[in-house]
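Colleague: I am new to this structure and would like to learn how to read it feature by feature. Could you take me through it slowly, giving the general idea before each case?

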Amino acid sequence: MLIAEEATNESSSLLLSERMIITLCNGKGGSGKTTLSVLLGSALVEAGHKVALLDTDPQHTATRWIEEIGGLELAVPGQDYGALFIDTAPRLESKEVTDSIRRADVVVLVTSPSPADLFTSRDTASLIHREGAQDRAHVLFNQIQPGTILARDLEDMAERIGLPAFKNTLRRRQAYQHAVLVGWKSLGGEAREELFRVALEIVGSVKKQTRKVAN
Ligand SMILES: Nc1ncnc2c1ncn2[C@@H]1O[C@H](COP(=O)(O)OP(=O)(O)O)[C@@H](O)[C@H]1O
Ligand SMILES: [Mg+2]
């Protein structure tokens with residue numbers, strides 16, 4: 001089955017019936033929060049869902065991006081969405097960041113695999129633990145370069161950060177940078193598939209939590 005089809009089937013029961021809040025965070029700027037909120041949101045739109053983005057970063061990069069190229073809606077207060085992606089500022093001390101973590105069904109700590117990012121990722125994980133959101137949180141490795149040393153030990157890196165990692169990762173691709181200009185339609189099949197896989201895993205992680213509570 002095509003991943004796009006799978007994304008539609010797998011996520012529809014949950015996404016269409018209840019609102020899911022997905023917060024992307026990291027105290028470090030440049031980890032990919034804005035890029036991935038827009039592109040993962042667009043992937044779920046492609047899979048047929050009503051998705052919006054809430055831009056809590058005062059720089060408003062995501063807002064400008066969406067105004068320019070579309071892809072998904074900007075969140076309007078009071079409106080209901082199948083999924084709401086919250087893009088956050090790289091400022092762990094900010095109230096918007098803590099609030100966005102607290103209200104999320106899934107917290108996605110976006111980081112590159114570089115050891116240079118370990119310390120801020122660890123600080124971000126500590127905040128997630130302080131807010132009691134650790135059971136809803138995963139590390140999402142972004143900007144992976146297959147075959148490099150840093151791509152090898154992601155499990156170890158996640159352990160050092162202090163949260164489990166999503167199995168699926170995102171490669172470093174110029175296509176993701178280019179998408180800021182032209183949107184989802186500029187992405188090739190591999191990039192789209194990679195985004196669908198991650199989006200599916202994010203949605204599936206809520207299903208698992210629900211199951212845990214139900215059991
Ligand atoms: N997987 C990726 N491959 C290539 N470039 C990426 C990837 N993820 C992010 N980038 C680039 O990294 C830079 C920072 O990304 P951005 O989403 O603005 O980070 P943040 O919102 O965390 O500050 C941007 O130039 C973006 O295009
Ligand atoms: Mg950003």
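Modeller: Let us start at the ligand, where α2 gives the most to the shell around ligand 1, with three residues. Please keep in mind that this is a predicted model, in which local features need pLDDT of at least 70 and side-chain atom pairs count only at pLDDT 80 or more, while totals for chains, interfaces and linings use all residues. Residues are numbered from 1 along each chain as its sequence is written, and chains are lettered from A and ligands numbered from 1 in the order in which they are written.

Colleague: How many residues surround ligand 1, and which are the closest?

Modeller: A residue is near a molecule if its C-beta atom, placed from the backbone, lies within 6 Å of it. By that rule 15 residues surround ligand 1, and the closest are Gly32, Lys33, Thr34, Thr35 and Gln177. Both α2 (33–46) and α7 (174–182) supply at least two residues each to this shell.

Colleague: How many helices and strands are there in the protein?

Modeller: Helices (H or I, at least four residues) and strands (E, at least two) are DSSP runs, numbered from the N terminus. On that basis the protein has eight helices and six strands, and along the sequence they follow the pattern α-β-α-β-α-β-β-α-β-α-β-α-α-α.

Colleague: Which residues of helix α3 are buried?

Modeller: A residue is buried if 20 or more other C-beta atoms lie within 10 Å of its own, exposed if 12 or fewer, and partly exposed in between, with C-beta atoms placed from the backbone. In helix α3 (residues 61–69) the buried residues are Ala62, Trp65 and Ile66. Seen down the axis of α3, these fall within an arc of 95° (the arc of the directions from the helix axis to the C-beta atoms), so they line one face of the helix. The face turned away from that buried side carries the exposed residues Glu67 and Glu68.

Colleague: Why does Trp65 count as buried, and which residues does Trp65 touch?

Modeller: Trp65 counts as buried because it has 22 C-beta neighbours inside 10 Å. Two residues are in contact if their C-beta atoms, placed from the backbone, lie within 7 Å; not counting residues up to four places away in sequence, Trp65 touches Val38 and Val180. The C-alpha atoms of Trp65 and Thr35, which are 30 residues apart along the chain, are separated by 9.4 Å.

Colleague: Which residues are buried in α5, and what covers them?

Modeller: An α-helix has 3.6 residues a turn, so residues three or four places apart point the same way. In α5 the buried residues are Ser121, Thr124, Ala125 and Ile128. Seen down the axis of α5, they fall within an arc of 100°, so they line one face of the helix. What covers them includes β1 (20–25), α4 (95–102), β5 (106–111), β6 (137–141) and α6 (154–161).

Colleague: Which residues touch the most other members of the largest nonpolar core?

Modeller: In soluble globular proteins, nonpolar side chains tend to be buried together. A nonpolar core is a set of buried Ala, Val, Leu, Ile, Met, Phe, Trp, Tyr and Cys residues joined through C-beta atoms within 7 Å. Of the 58 residues in the largest one here, Ile22, Leu40, Phe85, Val107, Val108, Leu109 and Ala199 touch the most other members. Helix α8 (residues 189–214) gives the most to this core, with nine residues.
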